[in-house]
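Please read these notes with the model open. They cover two ligand sites and one side-chain contact.

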Amino acid sequence: MKKVTNFVFLLIMIMIPLMACNNQSNKANVIQEEVFALGTIIEFKIYDDDSKKAKEAIDKSIQRIREIEDKMTINKDKSELIEINNNAGINFIYVSPDTFFVIKKASEYSKLSQGAFDLTIEPIVKLWGIGTDNARIPKQEEIDVLLDLINYEDLILDEESQSVMLRKKGQAIDLGAIAKGYAGDEVKRILTEHGIQTAFVNLGGNVVAIGTKVDGSPWKIGIQNPLDERGSHVAVIEVKDKAVVTSGNYERYFIKDGKRYHHIIDPKTGYPAEAGIISSTIVTDQSIDADALSTAVYVMGLEKGLKLIERMENVEAVIITEDNQIYVTAGLREDFKLSNPQFQLLENLN
Ligand code: FAD
Ligand code: MG
């Protein structure tokens, strides 16, 4: 949990445009709260006349987020995930339905993306240490040794006993690219169960927009300018009742000799992914899907990433490439407004 000061500052800057877009014009009672969990700032904005109910819903959500973190973290002394990792190549580990569900989803997305998203990426993530005080460029030999361990096909899931095992010693699971998404879905479930119809929750850039704004108009969500750390956006999208998740190279990185090394790793090379994308945003119903897909598309690049998205129903994307072009999938174009002339809208992929 240490080493996050700069990152937290950056996240605050990322959230500013998102929030700035959503000032409610009419007088709704708004209940706001911010907490630090999952290595990030989580911000709640609930619009409801019953403040007591809203506060209770927020408290329950925070409790649930902490529960998820305690089960799926690799940054504490113990968790279910750490136990699986410590028993790689040795034993099956029985886990809670939460952890089993997220690992199973992560496994499905690993297959679907043909390993661009790979839940067994942990050894390489740890080697680079990006986002920690120990971040460094590893030697090629170090990467090569660990690359042999990265293989989502070495995950064994036993449905009946709800237990999990990795085939080889040294293998380890990292759910950093998907568990925040699951937490977002659980927050939505809890708020909805409390009768909340209008809410905007931001889990460090993973947005869950519940319902519409109080006046019935869509939420306006700013897409962060990946080239600008000052919280400006390149575009605004309008959504109703959706999860919006962005993966970018500006979230966690270090710069060495003018080159940026960011935290999304290409499992094929063991290096930060360089497929020409600098930001990928996914808009869909479930935040867990949006989280996994935003990371997968980032690694796959524009063409392959879009092919994956197009195979799926009700999934839209905004992809920004390193040459400042933005591609928006057809289902989102009407609800998309470019707000920065430095970027150019790509109409077709030819
Ligand atoms: P995403 O693109 O969604 O995910 C990137 C992250 O996924 C990387 O940081 C890496 O962990 C992993 N990853 C990289 N490449 C791939 C790949 N090809 N396939 C699959 N996964 C990949 N941060 C802290 O600083 N301290 C903490 O204590 C801490 N605890 C956390 C506990 C939990 C349960 C979770 C979910 C997150 C925690 N985090 C913590 C944050 C975490 O380390 C990630 O940095 C964060 O989840 C990245 O999210 P993102 O939206 O920025 O990027
Ligand atoms: Mg992700």
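The points below go from the basis of the model to its sites.

1. Basis. This is a predicted model, in which local features need pLDDT of at least 70, side-chain atom pairs count only at pLDDT 80 or more, and totals for chains, interfaces and linings use all residues. Residues are numbered from 1 along each chain as its sequence is written, chains are lettered from A and ligands numbered from 1 in the order in which they are written, and side-chain values use heavy atoms, with hydrogens and water left out.

2. Shell of ligand 1. The shell holds 28 residues, each with a heavy atom within 4 Å of the ligand. D174, G176, S247, E251 and I265 are the closest. By class, 14 are nonpolar, eight polar and six charged. Here Ala, Val, Leu, Ile, Met, Phe, Trp, Tyr, Cys and Pro are nonpolar, Asp, Glu, Lys and Arg charged, and the others, Gly among them, polar.

3. Where the shell comes from. Domain 1 (4-68 + 178-346) and domain 2 (75-166) each give at least three residues; the bounds come from an automatic or database domain assignment. Helices α7 (179-193) and α8 (287-300) each supply at least two. α8 gives the most, with three residues. Helices are DSSP runs of H or I, at least four residues; strands are runs of E, at least two; both are numbered from the N terminus.

4. Polar contacts of ligand 1. The term means a pair of N or O atoms within 3.5 Å; within protein, one must be able to donate a hydrogen and the other to accept it, and residues adjacent in sequence count only if both atoms are side-chain atoms. A ligand nitrogen sits 3.0 Å from a polar backbone atom of D118. A ligand oxygen is 2.8 Å from a side-chain N or O atom of T295. The protein covers 95% of the 930 Å² of accessible area that ligand 1 has on its own (Shrake-Rupley method, 1.4 Å probe).

5. Magnesium site. Which atoms coordinate the magnesium ion (ligand 2)? They are A177 (O), D291 (O), D291 (OD) and T295 (OG1), at 2.1 to 2.6 Å. A177 lies in the loop between β5 (163-166) and α7, and D291 in helix α8, 114 residues apart. Donors are N, O and S atoms within 2.8 Å of the metal (3.2 Å for Na, K and Ca); water is not among the atoms, so the site may look incomplete.

6. D291 counts as buried because its relative accessibility is 5%. A177, at 22%, is partly exposed. Buried means under 20% relative accessible area, exposed over 50%, and partly exposed in between (1.4 Å probe, protein chains only).

7. T284. This residue lies in strand β13 (residues 277-284). T284 is buried, at 5% relative accessibility. A polar atom of the T284 side chain lies 2.9 Å from the backbone oxygen of N314.
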